[in-house]
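Student: Could we go through this model together? I would like to begin with charged pairs and then turn to the packing.

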Amino acid sequence: MNIKKYLIAVLPLLGFVSCSEEDTAEQEYANWQAKNEAFFETQYQAHSVQTDNCFILPSWTQPGSKKATELSHTNCILVDVLERGTGMTSPYYTDSVNVDWSGRLMPSPSYDNGYEFGRSWLTKFDPDVDQPSAFAVKGLVAGFSTALQYMHRGDRWRVYIPYQLGYGSTATSGIPAYSTLIYEIRLVDFWFKKSGDRK
């Protein structure tokens, strides 16, 4: 077979594979905004009967801002407390933090527990071995930043963040637009960035 005949035979197959992958992605995230809004609504209702370990928190968005006074589905995060720490103070918007974290999307056809888009450890989580990630609180999406400003050292939370306090209508790094973000966050330490002082 000469090269010209080979290319004529193979190129349509490559196009078919490409279309097939796109179709799979479209099916995975079909009606994604509506599904995420419905998912967050279900979680919001479950968290509205608040307990010590399951509650709703209003968002903080910037230094000096007031917390949201009226809760809605677009200006709050939902929290499940997995472990309580021993700290008494919380990070400020201008602080830096060390955190163990993992992030995933809501459940979808291929991912029963939601697609995991990132985490701070390489294999199985082990707080005695793993190195936490260092972040500036103000450098994170609003929902993650909000959670940190309520947490104490040693707290480990599961946090549900509506897309309005996440990446909004923009797709980024494997996260589709309009995605509810589900993080597990363990606050290891925090300090004021310029001085390096622990609080």
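**Salt bridges, core and aromatic pairs**

Tutor: Glu-184 and Arg-156 form a salt bridge, with their closest N and O atoms 3.3 Å apart; the term denotes a side-chain nitrogen of Lys or Arg within 4 Å of a carboxyl oxygen of Asp or Glu. Glu-184 lies in strand E7 (residues 181-192) and Arg-156 in strand E6 (residues 156-161), so the pair ties together parts that are 28 residues apart in sequence. Helices (H or I, at least four residues) and strands (E, at least two) are DSSP runs, numbered from the N terminus.

Student: What should I know about the model itself?

Tutor: This is a predicted model, in which local features need pLDDT of at least 70 and side-chain atom pairs count only at pLDDT 80 or more, while totals for chains, interfaces and linings use all residues. Residues are numbered from 1 along each chain as its sequence is written, and side-chain values use heavy atoms, with hydrogens and water left out.

Student: Which other residue meets Glu-184 in a salt bridge?

Tutor: Arg-158 does, at 3.6 Å from N to O. Arg-158 lies in strand E6 and Glu-184 in strand E7, so this pair ties together parts that are 26 residues apart in sequence. Asp-80, Glu-83, Arg-156, Arg-158 and Glu-184 are linked in a network of salt bridges.

Student: How many salt bridges does the structure hold?

Tutor: There are 7 salt bridges. One of them joins Arg-119 to Glu-116, with the closest N and O atoms 3.7 Å apart. Arg-119 is partly exposed at 35% relative accessibility, and Glu-116 is partly exposed at 38%.

Student: Changing topic, which residues touch the most other members of the largest nonpolar core?

Tutor: Phe-144, Leu-148, Trp-157 and Ile-185 do, within a core of 38 residues. H2, strand E1 (54-58), strand E2 (76-83), strand E3 (95-104), H3, E6 and E7 each supply at least two residues of this core, and the largest share, 6 residues, comes from E7. A nonpolar core is a set of buried Ala, Val, Leu, Ile, Met, Phe, Trp, Tyr and Cys residues joined through side-chain atoms within 4.5 Å.

Student: What is Ile-185 in contact with?

Tutor: Leaving aside neighbours within four places in sequence, the contacts of Ile-185 include Val-99, Phe-144, Leu-148, Arg-156 and Trp-157. Contact means heavy atoms within 4.5 Å.

Student: And where is Ser-145?

Tutor: Ser-145 is in helix H3 (residues 142-148) and is buried, at 2% relative accessibility. With neighbours up to four places away in sequence left out, Ser-145 is in contact with Tyr-93, Val-137 and Leu-140.

Student: Which residues of H2 are buried?

Tutor: Helix H2 (residues 32-48) has 17 residues and reaches 24 Å from its first C-alpha to its last, close to the 24 Å expected at 1.5 Å a residue; the expected span is 1.5 Å times one less than the number of residues. In H2, the buried residues are Trp-32, Asn-36, Phe-39, Phe-40, Gln-43, Tyr-44 and His-47. They cover an arc of only 140 degrees around the axis, which puts them on the same side of H2; the arc is that of the directions from the helix axis to the C-beta atoms.

Student: How many aromatic pairs are found?

Tutor: The whole structure gives 10 aromatic pairs. The ring centres of Phe-135 and Phe-144 are 6.3 Å apart and the planes stand at 70 degrees, so this pair is edge-to-face. Rings of Phe, Tyr and Trp (its six-membered ring) pair if their centres lie within 6.5 Å, and planes under 30 degrees apart count as stacked, over 60 as edge-to-face and the rest as tilted. Phe-135 is partly exposed, at 24%, whereas Phe-144 is buried, at 3%. Trp-101, Phe-117, Phe-135, Phe-144 and Tyr-183 form one aromatic cluster.

Note on methods: Buried < 20%, exposed > 50% of the residue type's maximum accessible area, 1.4 Å probe, protein only.
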